Amino acid sequence: MNLRFSVLLLATVLASPHLTVYDLVILAPAFLLLADWMRGKPSYAPWLGPLLYAGYILPLLGPLARWTHVQVSVVAMSVLLWMIVRLETYSADLAT
């Protein structure tokens, strides 16, 4: 349940990534749920911790997008979303 709700929140922000305070308010519960899930299974997804840190810090580089035309935080959140979906699919395959 935590992973699915986190995916929903991440996808909501990625649908219109303006990196405003409102986006960060939506991301906070997703990061908390993912951190809580990760705490229970530390060896299950060792990449999740660094991606969560990147997702937390990279919105500070938003002004850099003026020159690069790419929001680095959007790339990191997309990778995080993709990895969580793969993890959820993998764990569902193990359960059957």
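Author: Asp36 is partly exposed, with a relative accessible area of 37%; buried means under 20%, exposed over 50% and partly exposed in between (1.4 Å probe, protein chains only). This is a predicted model, in which local features need pLDDT of at least 70 and side-chain atom pairs count only at pLDDT 80 or more, while totals for chains, interfaces and linings use all residues. Residues are numbered from 1 along each chain as its sequence is written, and side-chain values use heavy atoms, with hydrogens and water left out.

Reader: With which residue does Asp36 meet in a salt bridge?

Author: Side chains of opposite charge can pair when their charged atoms come close. The test is a side-chain nitrogen of Lys or Arg within 4 Å of a carboxyl oxygen of Asp or Glu. Here the partner of Asp36 is Arg39, at 3.0 Å from N to O. Arg39 is exposed, with a relative accessible area of 66%. Because the two residues are three positions apart in helix H2, about one helical turn separates Asp36 from Arg39.

Reader: How many salt bridges does a search of the whole structure find?

Author: The search finds one.

Reader: Which residues of the largest nonpolar core touch the most other members?

Author: A nonpolar core is a set of buried Ala, Val, Leu, Ile, Met, Phe, Trp, Tyr and Cys residues joined through side-chain atoms within 4.5 Å. The largest one here has 19 residues, and Leu10, Leu34, Leu48 and Leu80 touch the most other members. At least two residues of this core come from each of H1 (2-15), H2 (21-40), H3 (48-57) and H5 (72-95). The greatest share is that of H5, which gives seven residues.

Reader: With which residues is Leu34 in contact, leaving aside its neighbours within four places in sequence?

Author: Contact means heavy atoms within 4.5 Å. On that basis, with neighbours within four places left aside, Leu34 meets Leu3, Ser6, Leu10, Leu48, Leu52, Leu80 and Ile84.

Reader: How far apart are Val7 and Ile84 in sequence and in space?

Author: Val7 lies in helix H1. Val7 and Ile84 are 77 residues apart in sequence, yet 7.2 Å apart in space from C-alpha to C-alpha. If residues up to four places away are not counted, Val7 touches Leu81, Ile84 and Val85. For the protein as a whole, 71% of the contacts with a separation of 6 or more join residues 24 or more positions apart.

Reader: How far apart are Leu24 and Pro59?

Author: Leu24, which lies in helix H2, is 35 residues from Pro59 in sequence and 8.6 Å from Pro59 in space, C-alpha to C-alpha. Leu24 is partly exposed, at a relative accessible area of 39%.

Reader: Is Asp23 buried or exposed, and which side chain of opposite charge is nearest?

Author: For charge, Lys and Arg count as positive and Asp and Glu as negative, while His and the chain ends are not counted. Asp23 is found in helix H2. Asp23 is buried yet has no salt bridge, and the nearest side chain of opposite charge, Arg66, is 16 Å away. Leaving out residues up to four places away in sequence, Asp23 touches Val13, Ser16, Pro17 and His18.

Reader: What is the phi of His69, and where does His69 lie?

Author: His69 has a positive phi of about 65 degrees although this residue is not a glycine. His69 lies in the loop between H4 and H5. With 69% relative accessibility, His69 counts as exposed.

Reader: What percentage of the residues in the protein is buried?

Author: Buried residues make up 32% of the 96 residues.

How values were computed:
Helices (H or I, at least four residues) and strands (E, at least two) are DSSP runs, numbered from the N terminus.
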